[in-house]
Amino acid sequence: MTQATGPVEQTQADQSTVLESLRTRLADLKDEPGSLLEALYIAQEMLGYVAPESIEIISEELGYPEAHVFGVVTFYTLFYTEPQPKHIVRVCRDLSCHIAGATKIAARARQEIGAHPGHASADGLLKLELVSCLGQCEKQPALMVNLDVHGPVTEEEVTDLIRSLREEDQ
Amino acid sequence: MCVVEIQPGPPRPSASCTTLVAPGMDVRTDTEAIVGIRRKTIEMLLQHHPLDCPYCDQSGTCELQDETFDLNIWKSPFETVSKAYPEENLNEVVMINHNRCILCYRCVRVCDEQMGVHALDVSDRGGRSFIVTAQHKFMDCERCGMCIEVCPVGAVLSRPFKHVARAWQTVQADSTCPHCSVGCKIQVESRKGEVLRVRVGEPVEPNRGIVCVKGFFGWSFVNDDERITSPMIRRAGELVEVGWREAIEFVSDRLTAVAEMEGPETIGAVGSGRCTNEDNYALQRLMRSVVGTNNVYLGPNGFAATHQVISSTLGSEAVFHSQDELLESDVVLVIGADINGTHNVLAAHLKAAARKGGPKLIAATRIGSALDVFAHKSVRVRPGAESKLLAAISGEEIADPESSVGVSGDDIAAIGDALENAEKSAIVWDTGLWTAGRVADIAGAACNVALSTGKTKLFPLPEKGNLAGAVEVGMDPAALPGPAAIDDTAARARLGEFWGALPPTEPGTGLDEFLYGGRMKALYVMGEDIIATAKDPAAAKDAMDAASLVIVQDIFMNSTASIADVVLPGATFAEKSGHFINFEGRACPVTKSNPTLGDSREDWEIPARIAAQMGADFGYREASELWSEINEVAKPAELSGSMTAVSVNGTVPPPGGDYPFALVTETNLYTAGSSARHGPVLADLYPAQVEINEADAENLAIEDGQTVEVTSAGGAVTASAKLSQFVPAGVVYLADSLPEVPARELGRSAPDATPVSLRKVED
């Protein structure tokens with residue numbers, strides 16, 4: 001599954017239209033137990049992050065207490081409560097990948113993106129995150145570009161991946 | 001902390017809190033290994049937990065402190081990482097200190113699982129977790145304080161109790177919350193005669209370890225400056241403070257004189273659903289055995305009539321059932337008032353049970369509420385049509401149900417089927433505020449449902465803490481303690497034995513006839529504002545002016561006290577011992593934890609002293625002696641009930657024409673008579689306001705906070721408007737007993753479901 005984490009900029013008018021259509025899309029999930037994660041995926045897919053208003057809408061439409069929705073959003077590191085760059089590169093730093101040279105992979109990614117982990121690149125397109133196990137220990141060192149897993153990767157492949165992401169958006 | 005060793009079992013410590021007990025299990029709780037694990041856990045908690053115990057409110061009742069002490073831990077061997085987040089107010093009453101939080105999640109769970117509110121949750125995960133409100137916003141919850149109560153450390157804190165006292169400086173007394181008829185067990189904590197806070201203490205019936213905002217924060221009236229603290233006699237138009245001896249002699253002389261000159265039937269007394277059984281019993285004994293009249297009353301209320309209708313129809317056994325029976329029902333129909341507001345803890349238990357797959361909850365309330373979220377079905381009954389809806393549910397054909405009762409024919413049929421098909425079912429309603437005729441109608445219609453299904457139990461919820469008890473001890477001109485009929489020979493014999501005098505053989509006159517019939521010469525009112533609640537206050541006041549003696553015994557001045565000849569200071573729940581009877585018929589002990597304020601007295605003492613002055617010494621030295629006597633004499637007469645359908649009268653017609661809205665007046669979470677309006681917290685949590693539907697507000701161009709005028713054929717009140725998602729279109733909601741917005745001004749004879757109009761007042 002390829003999921004762009006979201007457009008870089010969005011006007012206020014766009015956002016309110018998106019929020020209204022979120023309401024419509026949630027209609028199918030009503031009265032369906034355990035639908036919260038799916039609703040959050042939809043919300044994040046639509047705006048690139050789970051906006052405060054999205055949390056309120058999900059709470060209202062699906063009947064989950066707002067505190068609960070907020071607790072779930074903040075629990076999962078793949079959900080964001082603030083606007084994000086379009087592409088997020090997540091490099092695994094856990095044991096298996098570490099042994100296979102994840103430190104170098106991360107360093108290369110940082111160099112290509114041109115920003116410290118957790119910070120958006122100057123063009124606002126990219127962000128590097130150092131994350132815990134991606135469940136790809138047999139493909140170490142592994143990383144994710146948005147929701148796509150890559151591994152094992154070499155430093156050169158990191159450079160290619162990031163450059164191709166930039167080119168897509170030229 | 002819950003680790004134990006189990007044999008036979010896994011070769012490692014087990015968590016006792018998630019392991020089911022099995023036969024033959026050998027559980028070790030204090031082996032060296034287990035204590036070692038526990039010690040490490042505490043040591044790790046102390047890595048982050050600040051040792052700011054001298055500054056912390058929880059010190060002395062802190063579970064972490066106790067464990068550290070018990071395990072003899074001097075300091076954490078780990079490098080300590082102190083956090084320094086500032087304390088944060090979550091709302092008017094709750095604050096949080098994240099540094100002390102050990103992330104046990106008790107606050108989150110009690111809020112969600114027990115109260116059904118879920119205003120708190122945990123953000124992030126692992127070491128970065130915090131207890132948070134929804135998106136860090138102001139916590140707009142029910143303010144029950146349970147998050148404070150369950151916090152094992154000083155993380156979730158009470159703002160009103162912040163730095164008020166050290167835990168070891170207070171004395172605790174188990175008592176009963178005075179506000180509603182759930183009768184929650186509470187623990188009153190005081191220091192030097194001043195109530196400082198209320199906690200819950202051990203979980204027992206009926207509240208099972210929880211309370212609501214009124215229980216937790218609604219006690220400040222006890223210490224209020226406006227309390228009456230001395231007896232007063234009116235001299236030259238002014239109430240003047242006097243000593244007790246003088247006041248008692250005055251009352252006794254005047255009562256004797258009126259009884260001799262005008263006859264005892266010109267004397268009457270009004271008791272109170274806010275006073276204990278002992279208080280009411282002493283007052284009616286004074287009237288019946290010393291003055292010689294059966295004219296003993298309760299102020300306007302719905303429970304007495306409800307009790308009468310149910311016991312005469314289904315039998316006296318059908319009035320009270322236990323909370324267990326309610327929670328074990330398959331279907332529970334809540335009709336009329338929002339019991340989440342009127343009887344919150346019972347509603348919380350119902351919500352929790354419904355969520356755990358217990359009863360199917362059907363909410364047929366007049367306004368929307370927190371019940372709806374947990375309800376299998378929720379509908380809005382038209383205010384004034386509650387009995388009609390019940391009639392329709394029991395099978396009566398009604399034309400155009402949508403407009404006559406506000407509920408569709410399909411929904412009515414579905415509710416009827418649910419009750420019919422349930423093995424065990426229940427109907428719950430607050431008996432408050434509905435005018436006498438309608439109260440009887442609703443009770444009758446509920447009886448008819450019970451008769452038609454044959455398995456529906458009724459749970460009428462008295463609107464005041466001890467109305468059930470006041471009825472039981474005979475605050476009724478037509479019933480002796482029990483309640484038993486005036487001519488019940490066994491009851492009379494029992495009373496005669498204890499009293500040495502018999503009550504009059506003729507029932508007293510009805511309250512209205514007594515008040516307005518022109519023969520009243522003396523009136524003794526205890527714990528009730530009979531003018532404010534009268535259907536014709538001007539006439540009631542005239543009658544009192546014409547009478548030779550008006551005695552008011554109360555904790556606060558009120559409109560009746562302000563015209564009384566004698567004012568006698570009574571006591572609050574914290575200052576007297578006795579019993580309340582809750583909605584289950586359960587006797588709930590009230591314990592004196594504080595000395596009576598100033599020169600006030602426990603209420604039962606006052607009629608007893610008057611009686612002694614009049615030559616009849618009751619001989620009570622303490623309230624427990626009255627309770628023993630009540631248990632000997634007040635044996636309910638066993639009525640079998642007619643078991644025939646009750647005829648139910650019409651409904652209040654739908655509003656229309658000049659008055660297109662229906663007024664709903666109900667007690668809510670923050671209101672409970674005058675006691676909730678005295679002292680801080682409750683009064684601050686619910687300002688005087690009128691709640692209206694959002695769409696109605698838009699049509700009338702009314703914005704939140706603007707001043708509006710509510711007008712009926714009988715009068716008008718103004719207040720600021722609050723737009724509410726819970727108020728249905730066509731309804732205007734006023735909380736009961738807001739002195740600033742007296743709903744009764746709008747419909748004296750029928751303060752509920754009154755047709756009103758609404759308009760914006762230009763400032």
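**Close-up 1. The area buried between chain B and chain A.** In this predicted model, about 1,100 Å² is buried between chain B and chain A. Buried area is the accessible area (1.4 Å probe) that two parts lose on being put together, summed over both. Carbon and sulfur atoms give 55% of it. On the chain B side, His118(B), Arg125(B) and Gln135(B) lose the most area to chain A, together 48% of what that side buries. The contact (heavy atoms within 4.5 Å) takes 15 residues from chain B and 13 residues from chain A.

Close-up 2. Lys137(B) pairs with Glu56(A) in a salt bridge, with the closest N and O atoms 2.9 Å apart. On chain B, β6 (120–123) and β7 (130–133) each give two or more residues to the side that touches chain A. β6(B) gives the most, four residues. Strands are DSSP runs (E, at least two residues) and helices likewise (H or I, at least four), numbered from the N terminus.

**Close-up 3. The largest cavity.** Its volume is about 170 Å³. A cavity is a set of points on a 1 Å grid over the protein atoms alone where a 1.4 Å probe fits but cannot get out; lining residues have an atom within 4 Å of a point. Of 17 lining residues, Ile148(B), Ser158(B), Phe161(B), Arg197(B) and Phe216(B) are the closest to the centre. β11(B) supplies the largest share of the lining, four residues.

**Close-up 4. The second largest cavity.** This one has a volume of about 90 Å³. Its lining has 14 residues, and Cys111(B), Cys141(B), Cys144(B), Gly145(B) and Cys147(B) lie nearest the centre. α3(B) gives the most to the lining, three residues.

**Notes.** Residues are numbered from 1 along each chain as its sequence is written, and chains are lettered from A in the order in which they are written. Local features need pLDDT of at least 70, side-chain atom pairs count only at pLDDT 80 or more, totals for chains, interfaces and linings use all residues, and side-chain values use heavy atoms, with hydrogens and water left out.

Conventions: A salt bridge is a side-chain nitrogen of Lys or Arg within 4 Å of a carboxyl oxygen of Asp or Glu. On a 1 Å grid over the protein atoms alone, a cavity is a set of points where a 1.4 Å probe fits but cannot get out, and a pocket is an open set with protein on both sides within 12 Å along at least five of seven lines; lining residues have an atom within 4 Å of a point. Grid points are joined across faces, edges and corners, and a volume is the space filled by probe spheres set on the points.
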